[in-house]
Amino acid sequence: MRGFLASSIGVTCAVALALPLTPPATAAPVAPAAGRATGTAGPDLPGSTQSLPLTPLATGPTADRTLGPAADQGVTRREVARFSMVGVVWDDPDTALHGEVQVRSRSTGTGTWSDWRDVETHNDDAADPDSAERATGRVRGATAPLWVGDSDAVEARVSAEPADRTEETARTEETARAVRPRAPLPEGLRLELVDPGDAPPDPASRAAGTPGAAESAEATEAAVANADLAPAGATEIPALGRTATERELVTLRGTELTDDQRAKPHIGDRPRIVTRRGWGADEKLRERKFVYTTTVKAAFVHHTATGNGYTCAQSASVIRGIYRYHVKSLRWRDIGYNFLIDKCGGIYEGRAGGVGKAVLGAHTLGFNSNSTGIAVLGSFGSAKPPAAAVTALARLTAWKLGLYGANPRGKTYLKSGGGNLYRKGKNVRLNVISGHRDGFATDCPGGQLYSRLGTTRTTAARYQGR
């Protein structure tokens, strides 16, 4: 999540609230589809991304007065190819969007339009400033993505906030917005409509000799990265009991363990983890190379700010949507998080490279090295995280941190790669289980989830036998 900056909707990392700002949109005309789609649907490349440029919104006697003055930008109501996730991107990743982003969509199932919904503008998950991933010159600034469900029409508006919000007068906010100077909006605003697609067919289930039955090299490599934990091609890494987990620890990290760690390992039972194959990752989207750091000293907890309006049966689709948004819209090398957890407590492999390894993510700008990033699907500024998700978080951290000898109740030092809280090169003392906001000025992972991290640390340590 990008910055801790005042905006007209406040700085939260979780917004999916329905705002009934206008009457139901049933009579207004819908423009024909327009924009650029990237990716094609099919068994080897599921999903697509439509990228629509934002333009100034019209004003005048016949204009919809709720759309604001001409300085606002948006996409007028139009039919589009089906999508389920939406976000806004812009050219410069170092430029913040000071303002408000709202969208509404038409359900393919009912044909009705949603109310206006806020999109979280401060998307501060990112690769470190000097990393190869950030240095490509291709990455974009972006809002968080919002899950809206299966939709076939959209409308969007982006409103700049007043340049000086400290001058409060007796005027109404609506009047003030019309006459006071506005902060400039970022250049190159585009609305991204993401169709996560269906999971690609498992090659093993295709008939022998069927064209395209051979697995891609990228898919094979992603599976091999977990070969120490599950058979090649597995859709999940199964849970293990205490004895088997301790035996596996010696197998994975035996040469690095001290005598005390061998005699009394502190590690939680390995939880069940759905692999990238299990949630249907199209491995051809990401960059092929895996990047690792030295160890895992800390876990940073996030929420995805995608809203809570998904079912557990849709979790894989939400993750495929985030993956495509990170790679195709933000132009990252892979999904940013190392793990994701859904509202039912399901745990999912994130960035490719092996769930037991120290994979470099793009989750906490300045502190991606020697850490792991875990995102809970949803928005938890005001909504409480489900108990199943909190329990899964404790189980995952007990295992993952235990692989590297880290105590969930402890403290550790990480060197900042640069950010808005700590200068580059500063050694920062952090909780081994930290919230995103501990390393970067943001509200992520939302106040409700952040308040549960103390309990998570205690529970995870207990799972480790401490």
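A charge sits over a ring if NZ of Lys or CZ of Arg is within 6 Å of the ring centre and within 35 degrees of the ring normal. Arginine 157 does this over the face of tryptophan 116, at 3.9 Å from the ring centre. Arginine 437 lies over the face of tyrosine 450, at 4.3 Å from the ring centre.

A word on the source. This is a predicted model, where local features need pLDDT of at least 70, side-chain atom pairs count only at pLDDT 80 or more, and totals for chains, interfaces and linings use all residues. Residues are numbered from 1 along each chain as its sequence is written, and side-chain values use heavy atoms, with hydrogens and water left out.

Now the ring pairs. Rings of Phe, Tyr and Trp (its six-membered ring) pair if their centres lie within 6.5 Å; planes under 30 degrees apart are stacked, over 60 edge-to-face, the rest tilted. The structure holds three aromatic pairs. Take tryptophan 279 and tyrosine 323: centres 5.5 Å apart, planes at 80°, so edge-to-face.

Next, phenylalanine 367 and tyrosine 422. This pair is edge-to-face too, with 6.0 Å centre to centre and 85° between the planes. Tyrosine 422 has 23%, so it counts as partly exposed. Ring pairs also bring in Phe300, linking Phe300, Phe367 and Tyr422 into a cluster.

How values were computed. Buried < 20%, exposed > 50% of the residue type's maximum accessible area, 1.4 Å probe, protein only.
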